[in-house]
Amino acid sequence: MERTVLETQQVTKIYRSNEILVRAVDDVSIQVEAGEFIALVGPSGSGKTTMLAMLASLLVPTEGSVLIDGEPLGDMTDRQRTKFRREKIGFTFQSNNLIPYLTSIENVELMLRLNGKRVKQRRGRAKEILVRLGLDAQLNQLPSQLSAGQQQRVAIARSLIHNPSLVLADEPTANLDTARAHQVVQNFSDLIHEERHAGIMVTHDLRMCKYVDRVIQMVDGKISHLITSQEEISVLSESSEFDILEMGGASMTKKDVIR
Amino acid sequence: MALYLSVKEIWRNKGRFFLFSLVIALIAILVLYTAGLASGLASANKEYLEKLRADVLVFKSGVNYSTIESRIEYDQLRRIRLLEGVAEAGPIAFSNAKIVFDSEVDSIDVSFIGVDPGKPGAPNAVLGDNLRFAHSKVVLVDQKVAEDSNVSVGDFIKLSSTQGEEDEVYELRVVGITDGQQYFFRPSIFVSLPVWDRYRPKATAGVYRNKPDVNVVAVLAKDSTRLAYLPEAISAVIDDVETTDIQTAYESAPGYSEQQATLGTLQGFTLLIGTLVIGGFFQIQTLQKIPQIGMLKAIGTPDRIVASMAILQIIFVTIIGVLLGGLVTLGLVVGMPDNIPIQFSGSSVLTALIALLLIGPVGGMVSIRLALKVEPLTALGM
Ligand SMILES: Nc1ncnc2c1ncn2[C@@H]1O[C@H](COP(=O)(O)OP(=O)(O)OP(=O)(O)O)[C@@H](O)[C@H]1O
Ligand SMILES: [Mg+2]
């Protein structure tokens with residue numbers, strides 16, 4: 001059995017806006033082990049981003065707790081959380097991932113600099129990951145000279161360079177065409193499995209689920225399905241994206257709204 | 001880390017940052033130029049008075065300390081000298097004249113100042129001798145006159161002044177050269193009072209006295225305790241005079257205060273504009289970078305580094321701008337004709353420079369606050 005990297009215990013997030021309380025995440029308990037790659041899917045408004053923000057220590061749960069490497073995030077000060085994020089977590093966002101005035105390799109090395117590491121000694125590793133992701137020719141190019149897919153791969157390289165325990169990706173394929181999306185997620189999946197990170201990817205695109213070990217489907221802030229068998233996952237990933245949107249449309253009406 | 005990022009950003013956006021440095025450079029030129037002009041004009045106005053070796057200046061009462069309108073008679077001077085507490089009292093008489101040359105060289109307008117040799121009001125020579133005798137036809141010239149007319153100790157100058165209907169020319173031997181002694185926007189030359197009264201321009205030719213009326217009297221007190229009551233004692237005992245100190249005297253010169261205040265306001269406004277321009281530029285920069293800053297914070301960049309990045313960039317750009325502006329101003333001043341009264345005295349330029357370097361961080365404050373307020377959650381689009 002692998003080491004447990006991430007554990008959430010009955011995590012709940014309630015937003016309050018104009019006297020209306022919204023249970024964006026409702027009583028979610030999950031565990032993710034090192035070397036495991038998980039997809040978080042669900043219709044729009046189901047609470048995926050909110051969940052990810054809590055796992056990232058960017059948002060404090062209303063109830064319940066998040067533990068990473070056994071450490072409860074709730075016990076940390078803001079400053080400690082910031083330090084924790086740069087040391088233990090790797091991030092890929094939907095967009096705006098890269099610093100526009102740094103080259104690919106500089107963007108990847110940024111994570112090392114942030115952690116006060118000697119960059120020269122690790123130049124090899126930064127290069128290795130970028131080459132591995134098929135960016136040999138783009139090492140010294142600025143983000144503006146890269147395609148969207150290439151930019152996402154640089155971001156993935158940055159999210160892995162400092163050997164984080166937990167790797168989080170928020171819709172990493174949202175701006176990519178299908179072919180690119182498959183390539184990017186496959187690369188990502190391979191690296192997570194090889195280097196034994198715990199990976200969580202939020203996605204709208206069910207076809208991306210074929211690269212993951214488990215699929216957590218959320219509806220109305222709750223886990224509605226937990227799909228673990230490979231057969232089920234391949235069935236899911238071959239269904240069209242349309243299905244899950246339909247599901248979302250239906251679920252929006254019975255949304256948990258507390259007045 | 002902060003240094004690395006800010007330098008990289010400036011380097012990869014050289015054009016934009018350089019252009020903005022040029023804007024700051026222009027502001028710096030304007031501010032430094034105004035400061036130089038203010039101190040140059042002030043100096044041209046007051047240099048002689050400012051360097052005067054005197055504790056008290058005596059004027060005719062009711063003339064608002066105007067040296068031209070003030071008139072002190074010989075008898076009044078004599079009585080001032082007899083007062084208890086007065087160490088020395090020197091009469092000073094102001095007039096204008098021209099130095100002319102045989103060759104085609106342009107004549108030089110000078111302040112023609114009559115003094116008592118050895119008494120307050122008579123400046124010391126830095127080259128050659130001081131004035132010594134009341135009746136010798138010798139002259140002390142200040143260094144600007146010496147440079148402009150290319151005379152040295154022992155040479156003769158030709159002084160032109162209007163006597164009645166005629167312009168007369170007098171020869172005077174230069175016995176010594178003083179440091180800068182400008183008065184009322186002209187360099188100065190000094191002679192003894194009898195020589196002054198004889199050669200100064202006047203409406204009726206041939207009328208002159210050995211002990212002429214003068215404009216003001218410069219008084220040195222015996223010691224500081226006596227100085228405390230001396231100004232009042234003089235105006236109380238001597239009819240029709242009032243006393244003041246040197247600073248009040250030159251500040252009362254016609255237009256002096258107004259001129260300095262105008263230039264000061266100009267300088268203040270330029271600095272204010274500079275602050276707003278820098279503030280605006282960096283605020284727009286920061287607004288454009290909000291997604292980037294959010295991302296940096298999300299991946300674990302401490303606020304300290306985010307703030308330092310902003311500050312460092314502002315400091316770099318300001319320093320480069322002020323440096324450029326300073327160099328250009330220096331170049332301008334070197335290449336400028338002598339008769340423009342611009343002067344970079346240590347203190348005024350230093351104040352201007354410090355103010356210029358401060359407007360960056362002050363203007364940038366808003367953008368730093370803005371950068372610090374960015375939530376890391378923006379990286380997730382929340
Ligand atoms: N700051 C907030 N204040 C109030 N309500 C919020 C806030 N952020 C999110 N919500 C609500 O919480 C619920 C979950 O939002 P969340 O963004 O987590 O969903 P999501 O699954 O990421 O959706 P999407 O697929 O559209 O990105 C939604 O109903 C949303 O309107
Ligand atoms: Mg979302």
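Start with the lining of the largest pocket in this predicted model, which by class has 10 nonpolar, 7 polar and 7 charged residues. Here Ala, Val, Leu, Ile, Met, Phe, Trp, Tyr, Cys and Pro count as nonpolar, Asp, Glu, Lys and Arg as charged, and the others, Gly among them, as polar. The volume of the largest pocket is about 700 Å³. Select B:K144, B:Q182, B:D338, B:N339 and B:I340: of the 24 lining residues, these are the closest to the centre of the largest pocket.

Pockets and cavities are found on a 1 Å grid over the protein atoms alone: a cavity is a set of points where a 1.4 Å probe fits but cannot get out, a pocket is an open set with protein on both sides within 12 Å along at least five of seven lines, and lining residues have an atom within 4 Å of a point. Grid points are joined across faces, edges and corners, and a volume is the space filled by probe spheres set on the points.

Residues are numbered from 1 along each chain as its sequence is written, and chains are lettered from A and ligands numbered from 1 in the order in which they are written. In this predicted model, local features need pLDDT of at least 70 and side-chain atom pairs count only at pLDDT 80 or more, while totals for chains, interfaces and linings use all residues; side-chain values use heavy atoms, with hydrogens and water left out.

Next, colour chain B by domain: domain 1 (2-43 + 256-379) and domain 2 (56-244), with bounds from an automatic or database domain assignment. Their C-alpha centres lie 47 Å apart. Where is the largest pocket relative to these domains? Both domain 1 and domain 2 of chain B give residues to its lining, so the largest pocket lies between them.

For the second largest pocket, select A:D78, A:R79, A:T82, A:R85 and B:D303, which lie nearest its centre among 22 lining residues. This pocket holds about 530 Å³ of space. α2(A) gives the most to its lining, with 7 residues; helices (H or I, at least four residues) and strands (E, at least two) are DSSP runs, numbered from the N terminus. The lining of the second largest pocket divides into 8 nonpolar, 3 polar and 11 charged residues.

Move to ligand 1 and show A:S44, A:G45, A:K48, A:T49 and A:T50, the closest of the 12 residues that surround ligand 1 (a residue is near if one of its heavy atoms lies within 4 Å). Which helix gives the most to the shell around ligand 1? Helix α1 (residues 48-55) of chain A does, with 3 residues. Oxygen atoms of ligand 1 are 2.8 Å from a polar backbone atom of A:G45, 3.2 Å from one of A:S46 and 3.0 Å from one of A:G47.

Finish with the cavities, of which there are 2 of 30 Å³ or more. The largest cavity has a volume of about 140 Å³; B:T286, B:K289, B:I293, B:A310 and B:A371 lie nearest its centre. The largest share of its lining, 4 residues, comes from α10(B).

The second largest cavity holds about 60 Å³ of space. Select its lining: B:L49, B:Y65, B:S66, B:T67, B:Y183, B:F184, B:A249, B:A253 and B:P254. By class, these are 7 nonpolar, 2 polar and no charged residues.

Technical notes
A polar contact is a pair of N or O atoms within 3.5 Å; within protein, one must be able to donate a hydrogen and the other to accept it, and residues adjacent in sequence count only if both atoms are side-chain atoms.
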